[in-house]
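Hi everyone, thanks for coming along. Please have a look at the sequence and the structure on the screen, and then I'll walk you through some of it.

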Amino acid sequence: MTETDDTAYLKALLYHYEAEIMGEAYFFAMADCFDDAAEREKLTLLAAVERHAADTVRPLIDKYGLVPREETMLKTIGEEFTEPHRHFSWRQLMTQIRDEYPAYLDNFHALEEMAPADDLTRLQRLTLHENVLIDFAQREMANDPDSVMPLRRYVA
Ligand SMILES: [Fe+2]
């Protein structure tokens, strides 16, 4: 990596790590918006996937001496992201994940492309979490009774 590439990579790495912490808080806060116990449990699982994704890249954050913002601040930001979605029905939320999350995959692939080879295993596992979320939402929309299977497998 050139020095410019290096700076862009580290910035993107830190951004993605922080985004997963925010994502965890987002799904926990969304869980509070639903009354149905099964839906709340599914959102808690989505939060666990986000935390697992963050944990997967945490060693890279430490390896490069990057300093994420305080978790309390990241959590507050994540909770604020729920604002436009707080009145979504379950189907609206699943539609939003299914239709809008694939665009984020480009960012994850861009991060992989910037990364040194040593970091790729962790970053591919980070990218995988986005596919897992989309897979789950697709299964929900198809009324798959085992829709949580990809989530459980990812965090296992
Ligand atoms: Fe995420």
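Before we get to any pair of helices, one definition: an axis here is a line fitted to C-alpha atoms, for helices over the stretch in contact, and angles run from 0 to 180 degrees between N-to-C directions. Two packed helices are described by the angle between their axes and the distance between the axes. And please keep in mind that this is a predicted model.

Let's start with helix 4 and helix 6. They pack at an angle of about 135°, and their axes are 8 Å apart. The crossing of helix 4 past helix 6 is left-handed.

Which residues meet there? From helix 4 we have Met 94, Thr 95, Ile 97 and Arg 98, and from helix 6 come Leu 133, Ile 134, Ala 137, Gln 138, Glu 140 and Met 141. Sorted by class, this contact of helix 4 with helix 6 has six nonpolar, two polar and two charged residues.

Let me zoom in on one of those, Ile 97. Helix 4 covers residues 90-100, and Ile 97 sits in it. Leaving aside residues up to four places away in sequence, Ile 97 touches Leu 133, Ile 134 and Ala 137. Is Ile 97 buried, exposed or partly exposed? A residue needs 20 or more other C-beta atoms within 10 Å to be buried. Ile 97 has 19, so it is partly exposed. Along the chain, Ile 97 and Glu 140 are 43 residues apart, while their C-alpha atoms are separated by 11 Å.

Next, helix 2 and helix 6. Their axes come within 9 Å and cross at roughly 170°. That is why helix 2 is described as roughly antiparallel to helix 6. This crossing of helix 2 and helix 6 is left-handed. On the helix 2 side, the contact includes Leu 46, Val 49, His 52 and Ala 53, and on the helix 6 side it includes His 129, Val 132 and Leu 133. The residues of the contact of helix 2 with helix 6 divide into nine nonpolar, three polar and two charged.

Helix 6 has another partner to show you, helix 5. Helix 5 and helix 6 pack at about 175°, with axes 10 Å apart, so they too are roughly antiparallel to each other. Among the residues making this contact are Tyr 104, Leu 105 and Phe 108 of helix 5, with Leu 123, Leu 126 and Ile 134 of helix 6. Here the contact of helix 5 with helix 6 has nine nonpolar, three polar and two charged residues.

Now, the inside. In soluble globular proteins, nonpolar side chains tend to be buried together. The largest nonpolar core in this model has 34 residues, and Ala 25, Phe 27, Leu 46, Val 49 and Leu 151 touch the most other members. Helices 1, 2, 4, 5, 6 and 7 each supply at least two residues of this core. Which helix gives the largest share? That is helix 1, with 12 residues.

Finally, a few residues elsewhere. Lys 11 is in helix 1, and with 12 C-beta neighbours inside 10 Å, Lys 11 counts as exposed. Lys 75 is in helix 3, residues 71-80. Lys 75 is partly exposed, with 17 other C-beta atoms within 10 Å. Met 73 is also found in helix 3, and Met 73 counts as partly exposed because it has 13 C-beta neighbours inside 10 Å.

I'll end on a loop. Most residues other than glycine have a negative phi. Asn 143 is not a glycine, yet its phi is positive, about 55°. You'll find Asn 143 in the loop between helix 6 and helix 7. With 7 C-beta neighbours inside 10 Å, Asn 143 counts as exposed.

Notes
Residues numbered from 1 in each chain as written. Predicted model: local features only at pLDDT ≥ 70, side-chain atom pairs only at ≥ 80, totals over all residues. Helix = DSSP H or I, 4+ residues; strand = E, 2+ residues; numbered from the N terminus. Contact = placed C-beta atoms within 7 Å. Core = buried A, V, L, I, M, F, W, Y, C linked by C-beta atoms within 7 Å. Left-handed = near helix turned anticlockwise from the far one by under 90°. Nonpolar A, V, L, I, M, F, W, Y, C, P; charged D, E, K, R; others polar. Parallel < 35°, antiparallel > 145°, perpendicular 65-115°, else oblique.
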